[in-house]
Amino acid sequence: AEDGEGTILRFLDLGGAERTMTVRTPALHLDRVDQTDAVERGRTAVPMVGDDQFHFTIHPHEIVTLRMVEVRK
């Protein structure tokens, strides 16, 4: 991330249909995942399943920007 907090992921839908995406991070333990705009402003919490999986919806031809923040040890 530009501000050093977390890792930014970007997803681009090329299929032209709304779908729910599932992301698993078995090697990472996440504190939270937030959806932001393209320049990483604003934050909307993304529902998580445990500390290593989350789901989000992507719409036709949309770019989704997510910020993953790992659990601090």
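Where is the place of H61? H61 sits in the loop between β6 and β7 (63-70). The model shown here is predicted. This report starts with the strands and then turns to single residues.

Across it, D34 stands opposite A45 in β4.

T36 is also part of strand β3. Is T36 buried or exposed? Its relative accessible area is 10%. The cut-off for buried is under 20%, so T36 is buried. Which residues touch T36, leaving aside its neighbours within four places in sequence? They are R41, G42, R43, T65 and R67. Of the strands in this sheet, β7 covers residues 63-70.

**The three-stranded sheet**

A second open sheet is built from three strands, in the order β2-β6-β5. Its pairing is antiparallel. The edge strands are β2 (19-24) and β5 (48-49), and each pairs on one side only.

How many bridges join β5 to strand β6? There are two. β6 spans residues 53-58, and the two strands run antiparallel. V49 has Q53 in β6 as its bridge partner.

Q53 belongs to strand β6. Its relative accessibility is 15%, so Q53 counts as buried. The side chain of Q53 makes a polar contact with the side chain of R24, at 3.1 Å. With neighbours within four places in sequence left aside, Q53 is in contact with T22, V23, R24 and M48.

**Two loop residues with positive phi**

What is the phi of E40? It is positive, about 65°, although E40 is not a glycine. E40 lies in the loop between β3 and β4. E40 is buried, with a relative accessible area of 15%.

H61 is not a glycine either, and has a positive phi of about 60°. H61 is exposed, with a relative accessible area of 59%. The cut-off for exposed is over 50%, so H61 falls in that class.

**A nonpolar patch on the surface**

Which residues form a nonpolar patch on the surface? They are L12, L14 and I63. Together they have about 350 Å² of accessible area. I63 lies in strand β7. I63 is exposed, at 55% relative accessible area.

**Accessibility of the residues discussed**

The table collects the values given above.

| Residue | Relative accessible area | Class |
|---|---|---|
| T36 | 10% | buried |
| Q53 | 15% | buried |
| E40 | 15% | buried |
| I63 | 55% | exposed |
| H61 | 59% | exposed |

Methods. Residues numbered from 1 in each chain as written. Predicted model: local features only at pLDDT ≥ 70, side-chain atom pairs only at ≥ 80, totals over all residues. Heavy atoms only, no water. Pairing = 2+ DSSP bridges. Helix = DSSP H or I, 4+ residues; strand = E, 2+ residues; numbered from the N terminus. Buried < 20%, exposed > 50% of the residue type's maximum accessible area, 1.4 Å probe, protein only. Polar contact = N/O pair within 3.5 Å; in protein donor to acceptor, adjacent residues only side chain to side chain. Contact = heavy atoms within 4.5 Å. Patch = residues over 30% accessible without salt bridge, like charges linked within 9 Å, V, L, I, M, F, W, Y side chains within 5 Å. Areas by Shrake-Rupley, 256 points an atom, 1.4 Å probe, with all protein chains shown as cover. Salt bridge = Lys/Arg side-chain N within 4 Å of Asp/Glu carboxyl O.
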